[in-house]
Amino acid sequence: MTITKNYDAIIIGAGHNGLTNAAFLAKAGLDVLVLEKNAHIGGATVSRELYDGWKYSNCSYVCSLFRPEIYQALDLGRHGLEVVPLQGGVTFKQNGDYFGSYHHHDIQRREIARHSQRDADAVVRFNADLMKWCRLIRGFLLRTPPDPGTFRPRDAMEFAYLLKKFYELSESQLYEFIRFFTMSIAEYLEEYFESDVILAHYSGGSIIGTGLGVYSPGTAYVLLHHAMGDVDGSIGSWGFARGGMGSVSKALASAFCAHGGSIRTDAEVTNINVSNQRATGVTLKNGETLRAKIVVSNLDAKRTFLNVMHSEDLPGDVVKRAKNFKIRGSSGKLNIALDAMPEFPALPPGSPLTLGHLHFSDTLERLERAYDDWKEDRWSSDPYTDTVIPTQFDPTMAPPGKHMMSVFVQYCPVEPEGGWTDAKRDAFGKTVLDQLAEYSPNFYDVLLHAEIRTPRELEAEVGLTEGNIFQGELTLDQLLFNRPFPGYAQYRGPVKNMYMCSSSTHPGGGVMGAPGANAAREILRDLNKSDTTPEDFGDD
Amino acid sequence: MTESTRAIVIGGGHNGLICATLLAKAGHAVTLLEGRSSIANAPDLEFAPGFFSPGLAHIHTELHPKLRQALNLTSKSTGTKTKTIALDGQGAHIHFYGDKVEGTSVSDVDQAAYASFRKEFLSYAKALTPLLLNRPPRLKNMDRGDQFTLAKLGWSLRFGLGASSMREFLRVGGINIYDVLNELFDNKLVKAAISVDAVMGHHMAPRTPTTVLTYLTRLFAETHSEPSVATKVDSLHRELEASAIAAGVDIKTDAWVEKVIIENDRANGVQLASGQTMLADIVASSADAKNTFLKLAGAANLDAMFVHRISKTRTNGSVARLHLALKDIPSFTNLTTEDLKGRLLIAPDMRYIERAFNPTKYGEHAEQPVLEITIPSLHDATMAPDGQHVMSVNICYAPYHLKQGWDNARDKFTQICIDTLSAYAPNLPSQIIQKELLTPQDIETRFNISGGHWHHGELAIDQSFMMRPIHGTAQYNTPIENLFLCGAAAHPGGGITGLPGWNAARRIIAMTKDKSS
Amino acid sequence: MSDHNYLSTHEPSPFDSGIRAQSQTENWTGWNGYLSPRIADTLASEYFAIRSSCSVMDLTPMEKYRITGPDATAFLNRLVTRDLTKLRVGRVAYVVWCNDEGKVIDDGTVFHLAENDYRLCAQHHQLDWLLLSSIGFDVSIQKETHDIAALSVQGPTSFSALSAAGIKGLETLKPFGILNTNVNGFELTVSRTGFTGDLGYELWAERARADDLWNTLFTLKDTGLFDIRLIGLDALEMVRIEAGFIMPGWDFNTAESTIRADHDRSPFELGLDWIVNFDKPYFTGKSALLAEKARPATRRLLKLTLEGNKPPVGSFIFHGKKGKQTGAVMAQTWSPILKRCLALADVDFIDGHPPNDLWAEIYYQKELKWHVKWARCEIVEGQFWSHPRRRATPPMPF
């Protein structure tokens with residue numbers, strides 16, 4: 001008789017949430033193993049070399065939502081993480097002009113005033129309102145959502161806490177918050193701004209990664225998932241992880257290992273083993289069985305319940321809900337190697353704006369029409385793209401003098417009519433490259449290589465269902481106590497000793513680490529271990 | 001209180017009538033002012049000699065039994081109950097009646113799914129009753145009425161529905177009807193027909209989030225009655241007028257209100273277009289919020305942000321109406337004359353509806369519109385000369401602001417609708433004697449509704465409940481003392497429900513009581 | 001390609017070259033997108049220029065709006081808490097305006113230039129709020145901040161100096177009056193207004209006349225007859241506190257930029273009861289202010305004098321020495337003319353009244369060593385300091 005090791009915990013998937021979860025469990029003294037199907041860790045938070053000498057953040061590409069509380073608690077700075085604030089940002093207009101986004105308050109004001117004097121003043125009102133909602137939502141990120149279907153004291157107390165936070169708002173702010181939560185980003189912004197390009201510039205963040213249009217109710221809230229990040233107290237600002245997003249995973253892995261955890265790559269889990277409605281361990285693709293007292297899935301809700309668990313091990317409603325869980329692939333990504341910096345003649349020479357996000361959709365109508373294409377299962381003929389060139393200040397990512405460009409594309413269908421072919425994928429890519437070339441005449445001259453990834457490729461490599469970066473739409477039906485499903489929003493799975501820590505759980509996607517930390521808190525609570533996860537810093 | 005309170009109600013629509021009647025019953029001296037020359041018989045319904053259109057709403061449901069009771073309405077007010085028929089291009093139409101759906105293309109699974117869907121969703125709609133039949137509760141600074149409503153609503157959701165249904169309700173409450181129907185049904189036509197009810201009258205299509213909620217608010221009427229085809233003899237309106245008169249309401253027609261007179265920040269009467277002023281202790285307006293606040297009351301009497309928020313309410317309609325005067329009964333492929341008494345839908349699938357909607361976002365009209373058709377003259381022969389008929393059509397979607405201007409597109413759009421109809425009724429074009437197209441702009445002018453919106457404003461969540469028409473005036477009283485809202489601009493919105501008028505009346509009565517005591 | 005100059009953080013004032021020539025210290029600070037001197041020479045010389053001779057300050061960064069049209073008066077009257085129907089042509093009024101909740105958005109001055117023609121000067125950017133408030137009014141609102149060259153000339157000798165510069169008619173110009181005149185061949189508007197609590201004027205010309213205006217003043221200085229001195233914002237801060245004037249955004253958080261509950265302030269909470277007039281047609285915030293008026297006051301921005309000579313920088317205010325914390329100092333200065341520490345402090349009230357025994361806890365440094373000291377505070381009604389010359393018409397020719 002061989003005695004197989006019985007781990008305290010096995011975490012499936014070495015993405016940033018899996019590693020965060022693992023690190024907090026290890027910090028609490030548990031014997032933790034992380035299993036990763038790929039040869040590299042990181043999931044969607046990776047830097048990889050896909051072209052000689054070029055490193056890519058080939059999935060997620062910017063960093064701001066990552067919770068500073070987690071950063072501090074796991075000491076990620078000492079584990080090698082460096083996040084550099086991102087400057088600039090621009091939306092190019094079709095008429096040759098542009099709208100720039102500057103860090104300096106007065107320059108930003110003048111730039112807005114160049115397009116609309118009124119909007120330059122309205123931005124004060126807008127920022128103050130957005131900050132109110134940010135403060136409120138941020139306070140819920142590192143907490144477990146209460147379940148409205150139970151009468152447990154803890155849920156009641158958590159509800160009371162939620163209500164108390166809401167009631168810190170005045171009555172009219174309370175209604176304004178509900179409106180913000182339920183409105184479309186376009187209609188929300190139209191209550192503040194008049195200039196087309198400013199409306200378009202601010203709207204973009206609300207549709208990134210989302211199968212909704214700028215006029216779809218509920219998109220205003222998605223803006224927060226891009227706006228509530230902060231880099232050193234500068235709210236709404238973005239950061240680049242030096243060395244690419246893989247640095248986040250690397251630092252998390254380093255922290256995890258420093259607490260005694262271990263990681264196995266090339267170890268794809270095919271099944272979560274369940275007996276007597278208790279998770280007992282996992283089976284790997286090679287047939288190997290690993291035992292663990294608890295199993296934590298960092299896979300999205302669909303993969304967890306439809307791929308690695310058997311329906312007979314699950315309550316019927318969970319299978320149904322997993323099937324109905326909305327994960328809509330709506331995005332594509334291009335990773336581009338450039339021989340030199342592309343020119344953008346619309347910008348003044350030496351402009352800092354290329355340091356940030358580049359956008360080419362200057363009206364709400366163009367943004368919404370891009371969505372109409374997607375509804376018809378086509379990629380957008382005039383897509384909304386979010387482009388960054390991090391090599392401008394992170395020289396580690398490309399050979400000297402060369403550049404790396406990341407283009408996130410909204411929208412790209414999960415399955416165009418007749419299915420994806422390589423030819424269709426390339427045609428999709430060409431649509432995006434052509435749009436870039438419209439604003440950058442030397443673009444094709446400096447283009448060395450472009451890796452084009454549709455939802456098909458994103459799903460195949462990273463294991464994100466449909467390539468959805470949030471592991472589930474951030475719509476009203478899938479937030480808070482509804483995420484991933486009503487009744488299962490507290491990180492505990494439907495069988496005992498099984499947990500979920502992916503972005504399919506509250507508070508959802510974006511590289512913030514909160515689902516991983518929250519799940520760790522619940523696990524440690526069930527194990528009667530002292531809590532190693534951090535509390536929210538607060539904002540008063 | 002020795003003297004009775006003098007109240008003026010602006011507008012003789014059903015909400016105005018109901019509000020006036022209930023105020024009068026409570027002992028107020030009520031004058032109802034209607035700008036047109038008649039309450040129940042709108043003169044402009046005759047769109048061709050001898051041909052009458054049914055007005056703005058061509059489908060009716062009954063008022064809620066509790067409201068009928070409050071008004072002492074005895075007779076069955078609406079016409080014959082009717083079924084819905086979703087038209088199929090090949091003639092394989094699908095018939096909906098109550099919880100049943102029938103058609104050669106409908107599988108047993110879908111039939112069963114439909115029955116359970118209706119049951120489930122009717123129970124959700126019913127669970128909303130405490131919310132719809134009361135003033136929307138404030139979420140902060142509540143009074144006992146607010147707390148009571150919230151408690152009733154909480155009870156109705158938690159115990160009326162039960163934990164699992166409540167969770168499901170909370171999930172679907174905010175999502176789109178497209179996803180829900182795809183989860184439940186296979187048949188395209190079935191899904192399309194249901195989703196028409198979720199989107200018609202709204203600037204929404206099946207994939208717009210929150211269309212489940214709009215569907216539920218529409219379904220609410222079916223928790224206590226069944227839809228029927230509206231006719232010229234708007235018997236409900238007549239009945240309401242009669243009950244108003246019986247209650248002692250002084251109805252003045254041709255009395256166009258120019259503005260509400262406000263002195264010392266209080267409403268104390270109205271000024272008519274004739275120049276005449278009428279004093280009152282209370283003024284209740286069934287006009288929409290933009291008309292009430294920006295025209296009748298005036299921005300100068302209100303806070304700036306309040307006015308800004310009113311001006312930003314989304315009130316542009318997206319439905320046009322087409323009235324056709326026909327030589328004889330149109331013949332639709334595979335439909336009997338009895339079938340034609342029902343409500344016919346042209347919406348082959350949900351994508352079709354979505355495609356019809358897309359252009360309205362950009363100030364363009366649908367090229368292949370969604371149509372809802374009734375032939376009211378089959379129910380009321382007086383609507384057309386002998387043997388001739390009237391067809392009434394709701395058209396989705398037609399934007400309020402058309403980029404090219406409605407004057408340049410009116411004929412083209414009318415033709416598009418007729419072409420769409422004739423795919424199902426080939427001989428229709430030759431039967432047309434006269435036609436009348438009402439764009440949202442025409443509806444605005446004719447019915448004096450800002451934007452020509454059926455519901456006096458989008459029924460999106462951010463414009464519903466305690467945010468309807470905007471927060472700060474969602475409980476029928478307005479920032480101006482003694483001025484109240486009692487029309488569809490207020491909670492719970494449009495449709496022939498009478499609920500805004502009823503809720504408003506109770507609010508006014510309670511507030512005047514508080515004041516005099 | 002756009003000409004937007006992204007490299008410069010600030011726009012040049014029309015008086016840029018003159019100011020740079022006068023500014024010895026290169027001690028600049030940003031103000032509404034312009035660079036303004038904090039101190040041009042020395043704080044003491046600038047303070048005493050205001051209080052004993054003649055000071056000059058560039059008003060370019062002050063936000064200016066032109067409001068015209070048939071409803072201009074009705075619009076402004078609905079905007080602000082004061083009754084402006086009583087403001088005659090040729091007169092200026094200090095005003096505040098509130099949001100719907102009766103919290104102050106900003107303060108400023110309204111100039112009634114001509115029939116249906118007003119200028120509104122504001123501390124902060126107001127175009128959005130003004131346009132938002134204009135729904136339903138037949139008015140035109142133009143931002144003219146950049147189109148006007150304006151200087152503030154303040155101090156006891158300002159009357160003599162400006163008269164010597166050739167400006168006629170000042171002897172009959174009353175406080176808050178406007179004079180349209182012509183000097184050295186250009187049109188000039190003079191108002192007897194200012195932010196110093198002293199005798200003083202504000203001079204308004206077209207932007208193209210900025211150099212002429214500047215030279216009119218500073219050639220006078222070159223005669224050696226008048227001490228005309230460019231001052232910076234630090235000296236202004238001292239005198240405005242002496243005069244008891246408030247600064248939105250510094251002494252309290254303006255309503256539109258407030259994020260946290262209860263961090264904004266009403267006119268009553270700022271001690272501005274005297275410009276809230278309920279006997280006028282409706283104005284934004286009126287309902288909320290009426291409701292507030294009916295409740296006992298919960299806090300006030302109080303004017304305090306403190307014993308000793310240590311300015312209460314960032315101090316908390318306590319009820320009783322080492323007692324319960326009850327407020328905080330929002331602005332403070334040592335007043336050279338009163339030889340006293342002055343403070344504006346946000347203080348919680350008890351049952352509608354200020355606590356009767358207020359103390360400040362003051363941290364100060366001597367040779368890099370920190371000390372703490374308790375200072376008794378006394379509440380002052382009205383201005384800390386004022387002088388009859390401020391109101392005398394004709395002013396005395398110092």
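Tutor: A salt bridge is a side-chain nitrogen of Lys or Arg within 4 Å of a carboxyl oxygen of Asp or Glu. This is a predicted model, in which local features need pLDDT of at least 70, side-chain atom pairs count only at pLDDT 80 or more, and totals for chains, interfaces and linings use all residues. Residues are numbered from 1 along each chain as its sequence is written, chains are lettered from A and ligands numbered from 1 in the order in which they are written, and side-chain values use heavy atoms, with hydrogens and water left out.

Student: Why are the side chains of B:Asp281 and B:Arg6 said to meet in a salt bridge?

Tutor: Their N to O distance is 3.4 Å, which is inside the limit of the definition, and therefore the pair counts as a salt bridge. B:Asp281 lies in the loop between β13 (277-279) and β14 (282-285) of chain B, while B:Arg6 lies in strand β1 (residues 6-10) of chain B, so the pair ties together parts that are 275 residues apart in sequence. Helices (H or I, at least four residues) and strands (E, at least two) are DSSP runs, numbered from the N terminus.

Student: Why is B:Asp281 called partly exposed?

Tutor: Buried means under 20% relative accessible area, exposed over 50%, and partly exposed in between (1.4 Å probe, protein chains only). With a relative accessible area of 30%, B:Asp281 falls in the middle class, and is therefore partly exposed. B:Arg6, with 39%, is partly exposed as well.

Student: How do you know that B:Arg410 forms a salt bridge with B:Asp442?

Tutor: The closest N and O atoms of B:Arg410 and B:Asp442 are 3.0 Å apart, and the pair therefore meets the definition. B:Arg410 belongs to helix α15 (residues 406-422) of chain B and B:Asp442 to helix α17 (residues 440-447) of chain B, so this pair ties together parts that are 32 residues apart in sequence.

Student: What makes A:Arg179 count as buried?

Tutor: A:Arg179 has 8% relative accessibility, which lies under the cut-off, and therefore this residue counts as buried. Its salt-bridge partner is A:Glu176, at 3.3 Å, N to O, and A:Glu176 counts as buried at 15% relative accessibility. Both residues lie in helix α6 (residues 171-182) of chain A, three residues apart, about one turn of the helix. They also belong to a network of salt bridges that links A:Glu176, A:Arg179, A:Glu187, A:Glu191, B:Arg314 and B:Asp462.

Student: Where does A:Ile294 lie, and why does A:Ile294 count as buried?

Tutor: A:Ile294 is placed in strand β14 (residues 289-297) of chain A, and at 2% relative accessibility it is under the cut-off, so it counts as buried. Leaving aside residues up to four places away in sequence, A:Ile294 touches A:Asp8, A:Ala9, A:Ile10, A:Asn497, A:Tyr499 and A:Ile523, where contact means heavy atoms within 4.5 Å.

Student: What makes C:Gln123 count as buried?

Tutor: At 12% relative accessibility, C:Gln123 is under the cut-off and therefore counts as buried. Its place is in the loop between β7 (117-122) and α4 (127-133) of chain C. Not counting residues up to four places away in sequence, the residues that C:Gln123 touches include C:Trp31, C:Trp250 and C:Met247.

Student: How many residues of chain B are in contact with chain A, and how much area do chain B and chain A bury between them?

Tutor: The contact joins 40 residues of chain B to 44 residues of chain A. Buried area is the accessible area (1.4 Å probe) that two parts lose on being put together, summed over both, and for chain B and chain A this comes to about 3800 Å², 51% of it on carbon and sulfur atoms. In chain B, the residues that lose the most area to chain A are B:Lys140, B:Arg167 and B:Tyr362, together 18% of what that side buries.

Student: How many salt bridges does the rule find across the interface of chain B and chain A?

Tutor: The rule finds 14 salt bridges across this interface.
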